[in-house]
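Hi everyone, thanks for having me. I'd like to walk you through one structure today, so let's get it up on the screen.

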Amino acid sequence: MALACAGIASFHASPALADSAPGEGFDVTRYDLALIPDLLNGTVAGHETITLRATVDGIRHLGFSGNALTIETATLDGIPVASALHGKVLDFDLPRPLRRGRDVKLELSYHGRPARGFAGSSGLLYTSYFACDWMICPQDRFGDKADFTLNLRVPAGMETLSIGRMTGKRLGPDGTEIHTWRASRPYSAYLYGFAMGRFSRADDKAGSADLTYLSDTVDAADLKRRFAATPDMVAFLSDKAGLPLPERGYVQLLVEGDEAQEAATYSVLGVDALPTTDNDPAEDWAIVHELSHQWWGNLVTCATLKDFWLNEGITTFMTAAWKEHRYGRAAYDAELDIARKRLEGARAKGFDKPLAWDGSYPNLGTRRAIQYSKGALFMAHLRTSLGDDAFWSGLRRYSRTHAGGTVTSIDLERAMEAASGRDLHALFAEWVFGTDIPEHQPTS
């Protein structure tokens, strides 16, 4: 796949450049983005400023996740730079090497039809996970958290949603409005997102936090009914994390289909992912799973894909823990049985790996069987082994210590060891590290 670069000369990459990974050699500190989505055509035009810092000496190019967008212009501190797509990496060739610690601004404009991450209908557009398909960023660089500001231009009267909070609304050209959204803290790029449409709305409270329910498919009364358990979920998860809801506001957007995806301060949930009847423990998972990510995944984030189970295994376990809290022990066991069957399915096909395995999975289902299901089963095993007091104390210690930062598996081990007073090296070796035991790995 080639990327057309209007007005910019292309270049040929060296082998070292072609083999580079997105985000390698630099950290992004902030993204400032002006975006014009086209709801009817599913296209987007953007102007983006990326502020970043070189983390190695002599960096000669900046690599980001490849996508289907067309780069129109690109400058580094005002000097034009060339771009080209090499496999899955979008590279910007630098006019001169950067020294370590230098801060620069990459400013670019682009347009195109994102291959992934756009969904909706004739009256609704929302993004889902693949932020780096509609903007320029390194998708899997989880440990690189950055500030985010979005100026979203939409038809006048249309409502928008993004991460953080709306800080301004002003008239734009040709009957449009520009809505400014700003994140209150740095987040990983995969958690960026937005939605635009005309929504019904219901408001709620969870302690001092404001809860908002939006939808283009059901009315306010139905929203209130479908999300009625959310305040209790917030109270339960806050207690288990030892931290309140990380943001003062949390939004749940209800759409058609079976969507279940978290963003930094909101979630997108499909009607088909929610229970068809009230108080159904078998189907009551999507709301609490995505809400759990506000703590584990969004606030406390795995440093690399290797430790992705810390995001997904913990939230899958917390779904079972919520069911136990609301429905009783049988619901907890039933949820873990689902995880057990999924793991057994992968094992039956000859695949089982430690949770922090750094290799390639044959497919997404197998990855989920390990990182989601086996991760949840390990958390349940830890709970049984340590007892409730030590286990929940360890989870609170882990969450509080690393709030706003990134983690590796050794951070969870140390928190559980401190809370229990036990050496858990062998247990983590068996489930998490395998033979790749980080004897001297520093805390993140």
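Before we look at helices, here's how their axes work: an axis is a line fitted to C-alpha atoms, for helices over the stretch in contact, and angles run from 0 to 180 degrees between N-to-C directions. The helices themselves (H or I, at least four residues) and the strands (E, at least two) are DSSP runs, numbered from the N terminus.

What you see is a predicted model, where local features need pLDDT of at least 70 and side-chain atom pairs count only at pLDDT 80 or more, while totals for chains, interfaces and linings use all residues. Residues are numbered from 1 along each chain as its sequence is written, and side-chain values use heavy atoms, with hydrogens and water left out.

Helix α9 covers residues 409–420, and it packs against helix α10, residues 425–433, at an angle of about 150° with the axes 11 Å apart. That makes α9 roughly antiparallel to α10; the cut-offs are under 35 degrees for roughly parallel, over 145 for roughly antiparallel, 65 to 115 for roughly perpendicular, and oblique for the rest. The crossing of α9 past α10 is right-handed. For handedness, a crossing is left-handed if the near helix is turned anticlockwise from the far one by less than a right angle, and right-handed if clockwise.

So who's touching whom here? On the α9 side we have Ser-409, Ile-410, Leu-412, Glu-413 and Glu-417, and they meet His-425, Phe-428, Val-432 and Phe-433 of α10. Contact means heavy atoms within 4.5 Å.

Let's zoom in on Ser-409. Is Ser-409 buried or exposed? At 1% relative accessibility, Ser-409 counts as buried. The scale goes like this: buried is under 20% relative accessible area, exposed is over 50%, and partly exposed is in between, using a 1.4 Å probe and protein chains only. Not counting residues up to four places away in sequence, Ser-409 touches Asp-307, Trp-309, Leu-310, Ala-356, Phe-428, Val-432 and Phe-433. Arg-414 also sits in α9, but with 33% relative accessibility Arg-414 is partly exposed.

Leu-310, Ile-314, Phe-317, Met-318 and Ala-321 of α5 make the contact with Phe-391, Trp-392, Leu-395 and Tyr-398 of α8.

Now, the rings. How many aromatic pairs does the structure hold? There are 24. To pair, rings of Phe, Tyr and Trp (its six-membered ring) need centres within 6.5 Å; planes under 30 degrees apart are stacked, over 60 edge-to-face, and the rest tilted. Take Phe-142 and Tyr-190: their ring centres are 4.8 Å apart and their planes are at 55°, so the pair is tilted. This pair links distant parts of the chain, 48 residues apart, with Phe-142 in the loop between β10 (124–127) and β11 (147–155), and Tyr-190 in the loop between β14 (176–182) and β15 (194–197). Both Phe-142 and Tyr-190 are buried. Trp-295 and Trp-296 are tilted too, because their planes are at 35°, with centres 6.1 Å apart. Trp-295 and Trp-296 are also buried.

Phe-142 and Tyr-190 belong to one aromatic cluster with Tyr-129, Phe-130 and Phe-308. Over the face of Phe-130 lies Arg-116, 3.9 Å from the ring centre. Elsewhere, the charged end of Lys-353 is over the ring of Phe-351, 5.9 Å from its centre. The test is NZ of Lys or CZ of Arg within 6 Å of the ring centre and within 35 degrees of the ring normal.

Last bit: backbone angles. Most residues other than glycine have a negative phi. Tyr-129, though, has a positive phi of about 70°. Tyr-129 is in the loop between β10 and β11 and is partly exposed at 21%. Asp-174 has a positive phi as well, about 60°. You'll find Asp-174 in the loop between β13 (165–171) and β14, exposed at 79%.
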